[in-house]
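Here is a friendly briefing to read alongside the model. Have the structure open and follow along topic by topic.

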Amino acid sequence: MRSFLKPVAGLACLFALATAGCSAGSDGSSDAPPAAPATPSGSPSTATSSATSYAPYVSATTASDTDSAGSATTYNLAFVISSGSGCTPEWNGTHDIDDSTVKSRVSQLTDTGATVRVSFGGAWGKELAATCDSAEELAKAYGAALDAAGSSQADFDIEGNELTDSDSVDLRSEAIALLQEERSDLKVAFTLPVMPSGLDSDSLALLESANNHSVQVSTVNLMTMNYGESYTGDMGDYALTSAKAAHTQLKEVFGLSDANAWRGMALTSMIGVNDVDGETFTLSDAAQVRSFAEEKEIAWVSMWSTFRDQECTDSSGSDDAATDCSGVEQSAGAFGKAFAG
């Protein structure tokens, strides 16, 4: 996703799902099934009622009038990246990690009863794993950001060059494992690009790395967007096709049942006009994704982003994806309401 800067058999059952039992040969322990629906962290559930929560991406530094549309359960704070070439975390590369503006922003969001999840990475800037020298240093940087937001939820949005860099992928896995040793309540999500054919080899290698380092993964969040110019069909249908393909892969990677692979998945769409010509995600698509997510008991649905959840003015609208509006006809907050169900 944008920033504000312009199958492996026999792996340990480390997917931190609300499920009893693991695949054969697993040496991981499992949690007892909870009686309640999905928690605010977006953890999956065995409840019969809808376990799908709504967790949009928001600016960590600037409030939007549409943040509250849909009454989110969790807000994904975008994004924590490196301040430059070192291991110092910053919000969007512009605000210190303990900036008072962000603290105030977090307070406003959590006053609604929602929780916040710190999202590391994004499409631009340097994810901390690419600039920190050791797993210990990287874990400390991640921890500082989580503490600044008062959060026990971390989202790692890994794409582009960061996804193909095996060294930083392994360093990140090692650091997350260290952090979870220190913070037993830390819930970890990986946000990864997806195609209608599923996750690519780099994304699968990242999940294998997490497994190899004993990372407890709560959710794999699929970026159902920006498929490429060869995909000219319906964006809602593509989102569902991508989810189904990735579902098969998650079952294989983590040794999961059908139900638990769905419960360990999240879906994030780029609303309105996407970055690829011809791709437009409509309100009808949002309703389609929400209905599918409820049917499968997917952990959470999300969108990029609340500050785009409004119609463009004559001056801001164009054929290209805008940073502050959707590019389609809509009322303010309509996508948030559609995704919340």
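**Disulfides, rings and a helix**

The structure holds two disulfides. Please keep in mind that this is a predicted model. Counting bonded cysteines along the chain, the disulfides follow the pattern 1-2, 3-4. The model also has 13 aromatic pairs, and helix α8 (residues 283–296) has buried residues that line one face.

**The disulfide of Cys87 and Cys132**

- A disulfide is a covalent bond between the sulfur atoms of two cysteines.
- In the disulfide that cysteine 87 and cysteine 132 form, the sulfur atoms are 1.8 Å apart.
- The torsion about this S-S bond is about 90°, so the disulfide of cysteine 87 and cysteine 132 is right-handed.
- This pair links distant parts of the chain, 45 residues apart: cysteine 87 is in the loop between β3 and β4 (89–91), while cysteine 132 is in the loop between β6 (115–121) and α2 (135–149).
- Cysteine 87 has a relative accessibility of 15%, so it counts as buried.
- Cysteine 132 counts as buried too, at 7% relative accessibility.

**The disulfide of Cys312 and Cys325**

- Cysteine 312 and cysteine 325 form a disulfide with their sulfur atoms 2.0 Å apart.
- The link of cysteine 312 and cysteine 325 is right-handed, with 95° about the S-S bond.
- Cysteine 312 and cysteine 325 both lie in the loop between β13 and α9 (334–340), so the pair ties together parts that are 13 residues apart in sequence.
- Cysteine 312 is buried at 16% relative accessibility, and cysteine 325 is buried with a relative accessible area of 2%.

**Aromatic rings**

- A pair of aromatic rings is described by the distance of the centres and the angle of the planes.
- The count comes to 13 aromatic pairs.
- One of them is the stacked pair of phenylalanine 79 and tryptophan 304, at 5.6 Å centre to centre and with 20° between the planes.
- That pair links distant parts of the chain, with phenylalanine 79 in strand β3 (residues 74–82) and tryptophan 304 in strand β13 (residues 300–304), 225 residues apart.
- Tryptophan 304 also pairs with phenylalanine 307: the ring centres are 5.6 Å apart and the planes are at 85°, so this pair is edge-to-face.
- Are phenylalanine 79 and tryptophan 304 buried or exposed? Both are buried, and for tryptophan 304 the relative accessible area is 2%.
- Phenylalanine 307 is buried as well, with a relative accessible area of 15%.
- Through ring pairs, Tyr57, Phe79, Trp304 and Phe307 are linked into a cluster.
- Elsewhere, arginine 117 has its charged end over the ring of tryptophan 300, 4.2 Å from the ring centre.

**Helix α8**

- Helix α8 (residues 283–296) has 14 residues, which at 1.5 Å a residue should span 20 Å; the end C-alpha atoms are 20 Å apart, which agrees.
- Which residues of α8 are buried? They are Asp285, Ala286, Val289, Arg290, Phe292 and Ala293.
- Seen down the axis of α8, these buried residues fall within an arc of 165°, so they line one face of the helix.
- An α-helix has 3.6 residues a turn, so residues three or four places apart point the same way.
- Ser284 and Glu295 are exposed, on the other side of α8.
- Glutamate 297, which follows α8, has a positive phi, near 60°.

Definitions and conventions
Residues are numbered from 1 along each chain as its sequence is written. This is a predicted model: local features need pLDDT of at least 70, side-chain atom pairs count only at pLDDT 80 or more; totals for chains, interfaces and linings use all residues. Side-chain values use heavy atoms; hydrogens and water are left out. Rings of Phe, Tyr and Trp (its six-membered ring) pair if their centres lie within 6.5 Å; planes under 30 degrees apart count as stacked, over 60 as edge-to-face and the rest as tilted. Helices (H or I, at least four residues) and strands (E, at least two) are DSSP runs, numbered from the N terminus. Buried means under 20% relative accessible area, exposed over 50%, partly exposed in between (1.4 Å probe, protein chains only). A charge sits over a ring if NZ of Lys or CZ of Arg is within 6 Å of the ring centre and within 35 degrees of the ring normal. The expected span of a helix is 1.5 Å times one less than its number of residues. The arc is that of the directions from the helix axis to the C-beta atoms. A disulfide is a pair of cysteine sulfur atoms within 2.5 Å.
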